[in-house]
Amino acid sequence: MPEPIIFELSAPGRRAGGHAPASPPAADFPAQYLRHDEPLLPEVSELQVVRHFTRLSQLNYSIDTHFYPLGSCTMKYNPRVCNRLAMLPEFIERHPLAATEHGQGFLECMYELQDMLKAVTGMTAISLTPMAGAQGEFAGVAMIRAYHDARGESDRREIIVPDASHGTNPATATMCGCTAVEIPTGPDGDVDLDALRRVVGPATAGIMLTNPSTLGVFERQITEIADIVHKAGGLLYYDGANLNAILGRALPADMGFDVIHLNLHKTFSTPHGGGGPGSGVVGVNERLAPFLPVPIVGRDGEQYVWLTEADRPQSIGRLSAFMGNAGILLRAYVYMRLLGADGMRRVSEFATLNANYLMKRLQMAGFEVTFAERRASHEFIVSLQSITKETGISAMDFAKALLDRGFHAPTTYFPLLVPECLLIEPTETETRQELDAFVAALVEIRDLAYKSPDTIQAAPISMPVRRLDDVRAVRQLDVVWQPDNDPTE
């Protein structure tokens, strides 16, 4: 049964005013700001409010309540200690406009965070200001463009993207005034080097790569790719969405990358999902360091200071108010300090172990794994194409049926290269028992696809609402409630 909206619980005259502050006299407000009609608010008790919103919160799928194996999104557990320490009064009561001498503790944490991120990427300099992965991407390509402009090579406006890249990559290139040039991936999952050689030239600004790639495999020819692009005068951008697979084990700088964005809300275990908050910090090597967005935390003797446009005149400028998402940055700082270098290496080891264990278990259960001859990095792809052909049950049907079995679905239909695919990323925090239960659920759904396909096509049946028309929901979104006797209708 669908959860009622709070207006449906309303009864005339019901109040929850025991803890409400006294209303100020209306005379204290200018007349033009006074309301003439009663606001349309539900009339409910305090207990009704508590129960209603508690029930709504329990309807959400989250990493705190369910296995959440979204491929390329790294839905990791967020340790509560990180949240608790980031919310210390000395942090949350600090005003961003306060003088720097009153925020030395916070600035020291941010300075150390910059240093730790340099250590795990091999980059020369870090800027913490981008507030999301998309903004980090934008900053990366904007710096590549600024670098070429500063060298008098403004004609370099082509950004190369593999066909397995994240969809945001070509979008970012376009937003930065560049043209995306797509190249294919070979049948082994690696970038087609011959195709790359054919497209590089005097118009090449750079290439955008994720390594490991969205296909779940490590790009084995990365040094050759870097050599081809650099010899053509271009730069390499690293999409850090999949950094969880190599954390503490390999440095993007050693692969030849010039700029990287990091999703602190993925790899470094800060809150993720629901549209925010996020943090897409960027790191660069020496050649791009002058173009980093500001402000950056610097050090002047024993004092920590903000480095702004006055200190870095070639900067691409400011991307956010003040210096970025401070609370998310603090959570990442605590997470990295708690783990240390050895702990971060264990993250990638267990993430990779879980991915390969789950991949092999599904292979043994008869599922088709893409690039089965390759070792999974942190995620892998299962193709349901043959099952769909034989039963009519699609990857989306599997996704909906998983909800009834207590699991959030993996990423569906991405990457687009693989038909009827599930992109599965278990992360390092899941137990073997949980992974085995996920395998059992997929096996059960597959068996029902052959024996009783109508059962799967009807899923989900245990959720507050049944299956929605996704296309209609996007094109005709209606989230406004109005009473039956609304005079505005």
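Is Tyr 147 buried or exposed? I find Tyr 147 buried, because its relative accessibility is 11% (buried means under 20% relative accessible area, exposed over 50%, partly exposed in between, with a 1.4 Å probe and protein chains only).

I note that this is a predicted model, where local features need pLDDT of at least 70, side-chain atom pairs count only at pLDDT 80 or more, and totals for chains, interfaces and linings use all residues. Residues are numbered from 1 along each chain as its sequence is written, and side-chain values use heavy atoms, with hydrogens and water left out.

Aromatic pairs. I count seven (ring centres of Phe, Tyr and Trp, the latter by its six-membered ring, within 6.5 Å; planes under 30 degrees apart are stacked, over 60 edge-to-face, the rest tilted). Tyr 147 and Phe 291 are edge-to-face, with 6.4 Å between centres and 90 degrees between planes. Phe 291 is also buried, at 5%.

Glu 425. I looked for a salt bridge (a side-chain nitrogen of Lys or Arg within 4 Å of a carboxyl oxygen of Asp or Glu). Glu 425 is buried and has none; Lys 266, the nearest side chain of opposite charge, is 7.5 Å away. I do find the backbone nitrogen of Ser 72 at 3.0 Å from a polar atom of the Glu 425 side chain, and that of Cys 73 at 3.5 Å.

Sheet. I read the strand order of an open, antiparallel sheet as β10-β11-β13-β12 (strands are DSSP runs of E, at least two residues, numbered from the N terminus; two strands pair if DSSP finds at least two bridges between them). The edge strands are β10 and β12. Glu 368 has Ser 383 in β11 as its bridge partner.

Conventions: Helices (H or I, at least four residues) and strands (E, at least two) are DSSP runs, numbered from the N terminus. Lys and Arg count as positive and Asp and Glu as negative; His and the chain ends are not counted. A polar contact is a pair of N or O atoms within 3.5 Å; within protein, one must be able to donate a hydrogen and the other to accept it, and residues adjacent in sequence count only if both atoms are side-chain atoms.
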